[in-house]
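Please consult the sequence and the model while reading.

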Amino acid sequence: MIQQAARDYAQRELIQDVLERDEKAIFPEKHIKKLAELGFLGMMVDPEYGGSGMDTIAYVLAMEEISKIDASVGVIMSINNSLICYGLNKFGSEAQKQKYLTRIASGDIIGAFLLSEPEAGSDATHQHTTAEDKGDYYLVNGTKNWISNANSASVYIVIAQTHAKKTHRGINAFIIEKNTPGITLGPHEDKMGMRSSDTHSVMFTDVKIPKENRIGDDGFGFKFAMQVLEAGRIGIASQALGIAGGAMDRAVAYSKERKAFGTELANHQSVAFKLSDMAVKIENARNLCLKAAWLKDNHMSITVASAMAKQYSADIAMEVTTEAVQIHGGYGYVKEYHVERLMREAKLTQIYEGTSEIQKIIISRNVING
Ligand SMILES: Cc1cc2nc3c(=O)[nH]c(=O)nc-3n(C[C@H](O)[C@H](O)[C@H](O)COP(=O)(O)OP(=O)(O)OC[C@H]3O[C@@H](n4cnc5c(N)ncnc54)[C@H](O)[C@@H]3O)c2cc1C
């Protein structure tokens, strides 16, 4: 039912203005409201905190369907669900849940996750943003970059260094309201793909944060970020799976319509074999996503499973979308046929929430060390 609801909404409504949103980089405001109505912004949160009380498998199915049509909406949904709601639900205090989680999970407001910095991307152990302990409050200074939802979010989860000498053990995570004095945004990033999700750098100048807005114990911030990202990767993996599936659907339809050398493209074996390869890759990616989701729902370790799901799904999304453009020939290279957009969207899934290389580090460490 969840899959069908997501599919119906995506294929009837989301599709309608996706090309314009991509072209003009328009934030999908009305669609975010619709996702909130569908209960898709806090899918795995208990109803008592404003969520839908579903499991991670339901989330994977919904993410796939939404991202088949518009991965920009997929990333807004993914960040809200897996980075913000999951982080607050699992590690937030009761007061933080009451004050923030209920509104974010219900989609009344959305959140953004601020880890990356100009000089701290893959290596997040070196945070230059500082959160100085001033006794009854923290004072935050620094710059975060590449922040999705930076302008549209009302609440940020910010990772910052409190005790420099303790390196990553001295990092904290904070809930910071976007309208707090001292916060400014950089310009909207003009991106290759996912153009309607809003991405900005965020600057903090002497931003005062109440003590009660720290998540977990002093020094818990790095562990918090890593655990949240581990779960978040299931969302991005499902997004990549959806992008690949969207490209394949279009390639199959096109290959049955377009004729060359007196017959439909699908009757040329080299085209049919491309479709076969796509189908196998997508099936494998879906199985990896569902396995990671199942492990998470059953409270088992997801470190390797989510890394495998993310790396594989992102890499095959790039391969499948590239082949979908090829099957469309010249038509694949123009916007009207959507596959070039899907190819641009696929690229980002290999970069954010840990690049494909970082996933391989996680997987290979496990292969080598057990
Ligand atoms: C559109 C967009 C949205 C984003 N949204 C967010 C967000 O909401 N919140 C947030 O905190 N961040 C966000 N990010 C940041 C993203 O997570 C980082 O860009 C990513 O982690 C890579 O960091 P980097 O760009 O600094 O690249 P670098 O870390 O400098 O990496 C550059 C290259 O070197 C490779 N590399 C680095 N270290 C190693 C190594 N040890 N071994 C092998 N290869 C290595 C990488 O794989 C990559 O290919 C977003 C990024 C983009 C582009």
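Phenylalanine 261 is placed in the loop between β9 (259-260) and β10 (263-264). Here helices (H or I, at least four residues) and strands (E, at least two) are DSSP runs, numbered from the N terminus. The phi angle of phenylalanine 261 is near 55 degrees, a positive value in a residue other than glycine. With a relative accessible area of 82%, phenylalanine 261 is exposed; the terms are buried for under 20% relative accessible area, exposed for over 50%, and partly exposed in between (1.4 Å probe, protein chains only).

The model is predicted, so local features need pLDDT of at least 70 and side-chain atom pairs count only at pLDDT 80 or more, while totals for chains, interfaces and linings use all residues. Residues are numbered from 1 along each chain as its sequence is written, and side-chain values use heavy atoms, with hydrogens and water left out.

**Loop residues**

Threonine 167 also belongs to a loop, the one between β4 (155-161) and β5 (171-177). Although threonine 167 is not a glycine, its phi is positive, at about 45 degrees.

Tyrosine 331 is in contact (heavy atoms within 4.5 Å) with Tyr254, Arg258 and Tyr337, leaving aside neighbours within four places in sequence. The C-alpha atoms of tyrosine 331 and proline 47 are separated by 46 Å, and these residues are 284 residues apart along the chain. For tyrosine 333 and serine 78, which are 255 residues apart along the chain, the separation of the C-alpha atoms is 28 Å.

The table lists the accessibility of several residues.

| Residue | Relative accessibility | Class |
|---|---|---|
| Threonine 167 | 41% | partly exposed |
| Tyrosine 331 | 37% | partly exposed |
| Tyrosine 333 | 73% | exposed |
| Isoleucine 157 | 0% | buried |
| Serine 67 | 0% | buried |

Which residues does isoleucine 157 touch, not counting residues up to four places away in sequence? Isoleucine 157 is in strand β4, and its partners are Leu83, Ile84, Leu88, Ala112, Phe113, Leu114, Phe174, Ile215 and Phe224. Its C-alpha atom is separated by 9.8 Å from that of lysine 178, 21 residues apart along the chain.

Serine 67 is located in helix α4. Not counting residues up to four places away in sequence, serine 67 touches Gly74, Gln239, Gly242, Ile243 and Leu342.

**Helix packing**

Two packed helices are described by the angle between their axes and the distance between the axes. Axes are lines fitted to C-alpha atoms, for helices over the stretch in contact, and angles run from 0 to 180 degrees between N-to-C directions.

The axes of helix α5 (residues 71-91) and helix α7 (residues 221-257) come within 9 Å and cross at roughly 155 degrees. That makes α5 roughly antiparallel to α7; angles under 35 degrees count as roughly parallel, over 145 as roughly antiparallel, 65 to 115 as roughly perpendicular and the rest as oblique. The contact of α5 with α7 consists of 11 nonpolar, eight polar and one charged residues. In this division Ala, Val, Leu, Ile, Met, Phe, Trp, Tyr, Cys and Pro count as nonpolar, Asp, Glu, Lys and Arg as charged, and the others, Gly among them, as polar.

The axes of α9 and helix α11 (residues 356-369) also come within 9 Å, and they cross at roughly 140 degrees. That makes α9 oblique to α11, and the crossing is left-handed.

**Helix α8**

The buried residues of helix α8 include Val271, Leu275, Met278 and Lys296. Among the elements that cover the buried residues of α8 are α4 (56-69), α5, α7 and α9 (303-327).

Notes. Left-handed = near helix turned anticlockwise from the far one by under 90°.
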